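Please look over the model shown here before reading the points.

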Amino acid sequence: MIPLLSLPIIFGAGYLIVKKYNTQAALFAAGLLMILIGVAAGNTDFLPSGTNSSGAIVFDFFLVIKALSSSTVANLGLIIMSVAGFSSYMNHIGAANAMVQVSTKPLSLIKSPYVVLALTYVLGQIINIFIPSAVGLAMLLLVAMYPVLVRIGCTPASTAAVLATTACLDLGPASGNSLKAAEVIGIDAATYFVNHQIIVAPVIMAVIAVLHFFCQRWFDKKDAENGVTHELKEVEQDTVDAPKWFAILPILPLLMLLTFSNFAISWIKVDVVTAMFTSLFIAMVCDFIVNRDGKQVAASLKVFLDGMGKAFASVVSLIIAAQTFVVGLSTIGFISMLLGATSTAGLGYLPMIIVMVSIIGATALLSGSGNAPFFSFSDLAPQIASTLGVSTAAFALPMQLSSGIFRSFSPVAGVVIACAGVAGISPIELVKRTAIPMLGGLVALVAMSAMLG
């Protein structure tokens with residue numbers, strides 16, 4: 001009976017998030033409340049492994065947050081903060097913009113608007129490996145690709161729909177969700193990217209690209225029949241002009257991670273944080289070579305540090321809140337109940353994947369976030385996978401990829417709202433255009449998971 005009390009608390013936290021309450025606050029409150037109920041029911045063993053009790057239960061509630069914060073900031077948190085800082089620096093010196101311009105230029109040679117749209121999605125998804133912000137990437141692509149897409153006949157609505165989905169899979173070692181999935185599995189981010197994401201991503205990308213081709217053409221045809229037109233608004237984006245060769249700079253961390261690993265030079269190991277700091281140093285040297293202003297280059301380090309701070313305030317704090325939420329789920333008995341129900345019902349790998357993906361999907365659609373739902377439930381993957389007798393990776397991968405897919409057709413997602421505003425349409429109208437490609441990608445993801453699991 002006590003574990004069932006977690007359900008209204010979970011729905012209550014979801015309701016607060018939908019109502020635009022701070023996500024971290026909602027998860028912290030829900031987690032602490034479930035811990036309180038669990039302790040009242042007799043479960044006093046709720047502190048994270050290796051954490052000694054303060055001697056008073058009332059302080060132990062908050063000792064949970066301290067213990068989780070210490071371990072997260074020292075490991076995954078520092079990784080995410082360094083990635084965010086590097087991404088901010090790439091935007092500051094114009095390297096991200098240079099990369100987008102160089103990468104998208106070949107598309108101007110193709111004259112079929114819907115072929116270009118399909119390829120734009122694929123190219124954008126690849127660029128997302130190096131530019132992990134969904135909104136930031138969409139805005140960069142709108143600036144770089146809009147003239148090309150309009151010139152060959154693409155409509156503003158179809159352009160916005162494609163660009164709103166370019167980061168739907170959250171691929172690569174720079175993605176917060178990918179880093180969290182790698183931690184849950186117990187491997188490094190580069191190995192997770194090469195051994196797991198790359199295996200399924202091309203199939204999902206191909207399905208989404210094909211569906212974009214047909215879906216955007218159908219919606220444009222219906223709009224034309226109904227006399228509906230959209231005018232793409234001027235995109236206000238602060239972009240820095242940089243030499244085209246700066247386009248290589250955002251790629252440096254991934255090149256280092258893959259080169260100095262088991263996939264190439266195995267006797268030298270480079271982790272994500274080291275790769276980011278090394279790449280930052282190289283980028284600052286390159287910036288000095290171009291601008292010849294040492295004082296300005298030195299001052300630009302603040303951009304990197306500010307990016308790290310913003311990541312702590314948003315992503316890292318969200319991870320800590322989500323981990324507190326999971327401790328609450330465990331203390332109140334929800335996880336044991338879920339695992340017991342799985343065994344009793346005889347659910348296999350595929351049905352359980354569908355259940356977990358549905359839970360994450362509902363949370364992502366309502367909250368508009370791809371991080372919050374995955375961070376909240378990702379720590380359940382090892383336990384559920386062990387119960388089902390499959391690898392943690394087989395369970396964590398579809399959970400991670402599905403969160404970004406659902407975000408891309410949530411009418412309250414930041415990237416959807418931003419792209420809809422640029423196209424001059426409502427977010428609801430935009431998600432009508434993104435829903436079919438995303439659902440198709442989701443089916444491909446589940447099918448691939450079933451085949452590989």
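**Notes on ring pairs and pockets**

1. Phe-277 is partly exposed, because its relative accessibility is 38% (buried is under 20% relative accessible area, exposed over 50%, partly exposed in between, with a 1.4 Å probe and protein chains only). Phe-304, at 1%, is buried.

2. The model is predicted: local features need pLDDT of at least 70, side-chain atom pairs count only at pLDDT 80 or more, and totals for chains, interfaces and linings use all residues. Numbering starts from 1 along each chain as its sequence is written, and side-chain values use heavy atoms, with hydrogens and water left out.

3. There are 8 aromatic pairs in the structure (ring centres of Phe, Tyr or Trp, the last by its six-membered ring, within 6.5 Å; planes under 30 degrees apart are stacked, over 60 edge-to-face, the rest tilted). One of them is the tilted pair of Phe-277 and Phe-304, with 5.6 Å centre to centre and 50° between the planes. Phe-277 belongs to helix H11 (residues 272–291) and Phe-304 to helix H13 (residues 301–332), so this pair ties together parts 27 residues apart in sequence (helices are DSSP runs of H or I, at least four residues, numbered from the N terminus).

4. Phe-406 and Phe-409 also form a tilted pair, at 5.6 Å centre to centre and 35° between the planes. Both Phe-406 and Phe-409 are buried. Elsewhere, ring pairs join Tyr-114, Phe-213 and Phe-214 in a cluster.

5. The largest pocket holds about 1,300 Å³ of space. A pocket is an open set of points on a 1 Å grid over the protein atoms alone, where a 1.4 Å probe fits, with protein on both sides within 12 Å along at least five of seven lines; lining residues have an atom within 4 Å of a point. Volume is the space filled by probe spheres set on the points, which are joined across faces, edges and corners.

6. How many residues line the largest pocket? The count is 43, and Pro-132, Ser-133, Ala-134, Ser-314 and Val-315 lie nearest the centre. H13 contributes the most, with 9 residues. By class, the lining has 17 nonpolar, 21 polar and 5 charged residues (nonpolar: Ala, Val, Leu, Ile, Met, Phe, Trp, Tyr, Cys and Pro; charged: Asp, Glu, Lys and Arg; polar: the others, Gly among them).

7. The second largest pocket has about 410 Å³ and 20 lining residues. Helix H1 (6–18), helix H15 (349–367) and H16 each give two or more of them, and H1 gives the most, with 8. This lining has 16 nonpolar, 4 polar and no charged residues.
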